[in-house]
Amino acid sequence: MTPQPTIAVRSWVVGFHGILRADDLDADGRPSLCALALGNRSLGMQRMRELTFLPGVTPLRANPSSTSGHHHLGAVQHDGLGAVDLADAVEAVERITGLQPVEPVEQPLSRQPGAATTLPVPWDPSEPLPDYLERRLGTARFLYLPNRSRAYRIAKRALDLVGATVLLLLAAPVMLAIALLIRHDSPGPAVFRQQRVTRGGRVFTFYKFRTMWVDARERYPDLYDYQRSGPFSDVFYKLEDDPRNTGVGRWLRRTTLDELPNLFNVIRGEMSLVGPRPELPELIAHYRAEDLALFFTKAGLTGLAQVSGRSLLTVKERITLDLRYVAQQTLLLDLRIIARTVGTVVRSKGAF
């Protein structure tokens with residue numbers, strides 16, 4: 001087996017909850033990667049300023065728009081899935097963690113020698129997504145683990161239930177008014193439903209207020225061609241001048257009120273108040289294997305990326321911050337993110 005690289009600390013230390021390497025899976029009888037990552041363990045916290053730092057991201061960054069030459073995730077021409085080569089893996093270590101590998105990482109997290117692959121494997125919808133996730137995780141050079149403390153899990157769930165219930169009770173009149181406003185503004189249902197991915201590759205029905213024309217997919221099919229999505233470093237989830245948004249929808253996005261129905265997902269246990277935003281199943285194939293550690297924790301209503309730029313961030317920048325959250329998550333960090341979310345929503349920075 002190739003010796004594991006030594007890691008030199010640079011600006012900040014990460015991975016308090018542990019790092020999976022190839023030798024963790026050598027012994028027979030080890031659980032699957034997901035089972036190992038989602039087992040019981042503990043600890044981790046970090047300073048918010050360091051956690052949210054990204055090169056080139058400043059408060060002066062302009063809103064991305066098509067007129068400024070920015071590209072939507074679903075509208076990028078691409079020849080196919082890019083190779084996950086050794087240079088990508090080395091770059092990912094530094095991007096995700098702030099740690100500099102002294103020597104390259106060559107051994108994948110696989111039980112079988114030589115099982116490394118250089119290309120992400122497309123997902124066939126006939127295959128259960130958790131099985132696909134497990135297969136892809138097995139090709140990763142490294143994986144950062146979430147907080148696996150049972151006490152943290154219980155406390156986080158209690159916070160989710162209490163917080164979401166209180167917010168729903170307070171927001172109920174506002175939600176009713178928004179639903180009526182949406183129905184009056186454009187034809188179609190007030191609530192938008194979509195399949196998204198959360199912890200362990202579980203697919204669930206995601207709820208939010210509808211902000212787009214009900215026939216947006218037929219009107220703008222070029223914005224939904226996720227099979228040709230290009231490099232994550234060059235594309236955005238949202239553009240300021242997205243033609244699919246209705247008049248009321250643009251206002252709802254600026255105020256973040258469109259996400260209030262997410263609270264039902266939190267109560268149902270499909271999401272948490274804090275975590276990475278839930279992803280579309282068809283985009284999972286475009287993730288680097290190392291980035292799939294995002295699905296070691298529940299998707300969230302808000303998160304580190306949401307309070308650090310939101311839609312101003314490229315897809316790659318968003319994934320970077322969400323991976324930092326996975327590696328650092330504690331109840332204290334969750335509470336700090338929730339507190340910071342209030343100011344982010346009030347300022348509407350990056351909301352469109």
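Where does N245 lie? I began there. The model I am reading is predicted. I found N245 in the loop between β8 (235-236) and α7.

**Entry: N245**

I looked up how accessible N245 is. Its relative accessibility is 3%. Buried means under 20%, so N245 counts as buried. Next I checked its side chain. A polar contact of 3.3 Å joins it to the side chain of R253. Then I listed what N245 touches, leaving out residues up to four places away in sequence. I noted T211, M212, W213, R250 and R253.

**Entry: helix α7**

I moved on to α7, which covers residues 247-255. I looked at its start. There a side-chain oxygen of T246 comes to within 2.9 Å of the backbone nitrogen of G249.

Which residues of α7 are buried? I wrote down V248, G249, L252 and R253. Viewed down the axis of α7, the buried residues fall within an arc of 135°, so they line one face of the helix. I then asked what they pack against. The partners are α5 and β7 (203-209).

**Entry: α7 against α5**

Helix α5 runs over residues 150-185. The axes of α5 and α7 come within 9 Å and cross at roughly 150°. From α5, I178, L181, I182 and D185 make the contact. From α7, the residues are G247, V248, W251 and L252. I sorted this contact by class and got 6 nonpolar, 1 polar and 1 charged residues.

**Entry: after α7**

I followed the chain past the end of α7. T256 comes next. T256 lies in the loop between α7 and α8. Its phi is positive, about 70°, although T256 is not a glycine. With a relative value of 12%, T256 is buried.

I noted a second residue of this kind, S348. It sits in the segment after α10. S348 is not a glycine, yet its phi is positive, about 60°. Is S348 buried or partly exposed? I read a relative accessible area of 27%, so S348 is partly exposed.

**Entry: the nonpolar cores**

How many residues does the largest nonpolar core have? I read 27. Those with the most contacts inside it are I182, F209, L260, L263, Y325 and I337. Several elements each supply at least two residues of this core, including α5, β7, α7, α8 (262-267) and α10 (331-347). The most comes from α5, with 8 residues.

**Entry: Y132**

My last stop was Y132, in helix α4 (residues 129-137). Its relative accessible area is 0%, so Y132 is buried. Its side chain makes a polar contact of 2.9 Å with the side chain of R136. I also looked up Y132 and A285. They are 153 residues apart in sequence. In space, I read 9.2 Å from C-alpha to C-alpha.

Note on methods. Residues numbered from 1 in each chain as written. Predicted model: local features only at pLDDT ≥ 70, side-chain atom pairs only at ≥ 80, totals over all residues. Heavy atoms only, no water. Axes fitted to C-alpha atoms, helices over the stretch in contact; angles between N-to-C directions. Helix = DSSP H or I, 4+ residues; strand = E, 2+ residues; numbered from the N terminus. Contact = heavy atoms within 4.5 Å. Nonpolar A, V, L, I, M, F, W, Y, C, P; charged D, E, K, R; others polar. Buried < 20%, exposed > 50% of the residue type's maximum accessible area, 1.4 Å probe, protein only. Arc of directions from axis to C-beta. Polar contact = N/O pair within 3.5 Å; in protein donor to acceptor, adjacent residues only side chain to side chain. Core = buried A, V, L, I, M, F, W, Y, C linked by side-chain atoms within 4.5 Å.
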